[in-house]
Amino acid sequence: MKIVVLSDSHGDKETVKAVSALRADAIFHCGDSELSWDDPILQNLHIVKGNCDRDHRFPDSIVVEVGDKKIWMVHGHKHDCKRTMLPLYYEAQELGVDIVLFGHSHSYGAELSEGILFVNPGSTLLPRAGKQPTFAEIEWNNGFWISFKNMDMETVITVEMKNIAN
């Protein structure tokens with residue numbers, strides 16, 4: 001299975017259009033699209049509300065099943081994700097999810113903690129921490145492969161993550 005994840009596009013329709021045209025089993029936008037909820041460009045995306053989104057019809061979070069994985073997505077601003085992963089981790093445990101998708105920090109990264117994969121795809125428009133604009137592709141089959149790609153669709157970095165049983 002493969003999903004594509006983007007976040008923090010801040011009104012850039014061309015980027016959303018290009019990334020959402022990629023082949024995947026599902027496409028997720030972690031908020032701050034700054035588009036209207038009924039914008040046609042968003043119709044095939046799972047999307048949540050970010051702190052810069054003014055349209056209140058976006059949900060704050062969603063849980064979606066893709067294949068055998070349960071995925072929870074939030075923007076992250078209500079979970080203090082710039083300082084700590086603990087609020088996300090605790091709620092992910094309560095929800096019983098396999099994957100957590102979030103944005104807000106504009107900086108890409110991935111972490112596997114006690115069987116839960118956490119992925120921030122970065123920002124497609126306004127990256128921080130000296131990084132380039134990115135989105136993420138996540139694939140799974142006996143482990144996770146996370147590829148962060150730039151807006152030229154070139155791979156910036158790919159990471160493989162597996163649970164290690166004692």
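Is aspartate 38 buried, partly exposed or exposed, and what is its relative accessible area? In this predicted model, aspartate 38 is partly exposed, with a relative accessible area of 48%.

**View 1. Aspartate 38 and its surroundings.** Aspartate 38 belongs to the loop between strand S2 (26-29) and strand S3 (46-47). Its side chain makes a polar contact of 2.4 Å with the side chain of serine 36. The C-alpha atoms of aspartate 38 and aspartate 55 are separated by 9.4 Å, and these residues are 17 residues apart along the chain.

**View 2. The salt bridge between arginine 57 and aspartate 38.** The closest N and O atoms of this salt bridge are 3.6 Å apart. Arginine 57 is in the loop between S3 and strand S4 (61-66), and the pair links distant parts of the chain, 19 residues apart. Arginine 57 is partly exposed, at 45% relative accessibility.

**View 3. The salt bridge between lysine 13 and aspartate 39.** The two side chains meet at 2.9 Å, N to O. Lysine 13 is in helix H1 (residues 13-20), whereas aspartate 39 is in the loop between S2 and S3, 26 residues apart. Lysine 13 is partly exposed, with a relative accessible area of 38%, but aspartate 39 counts as buried because its relative accessibility is 12%, and buried means under 20%.

**View 4. The salt bridge between lysine 78 and aspartate 60.** Here the closest N and O atoms are 3.2 Å apart. Lysine 78 lies in the loop between strand S5 (69-74) and helix H2 (86-95), and aspartate 60 in the loop between S3 and S4, so the pair ties together parts 18 residues apart in sequence. Lysine 78 is exposed at 57%, whereas aspartate 60 is partly exposed at 41%.

Methods: Residues numbered from 1 in each chain as written. Predicted model: local features only at pLDDT ≥ 70, side-chain atom pairs only at ≥ 80, totals over all residues. Heavy atoms only, no water. Helix = DSSP H or I, 4+ residues; strand = E, 2+ residues; numbered from the N terminus. Polar contact = N/O pair within 3.5 Å; in protein donor to acceptor, adjacent residues only side chain to side chain. Salt bridge = Lys/Arg side-chain N within 4 Å of Asp/Glu carboxyl O. Buried < 20%, exposed > 50% of the residue type's maximum accessible area, 1.4 Å probe, protein only.
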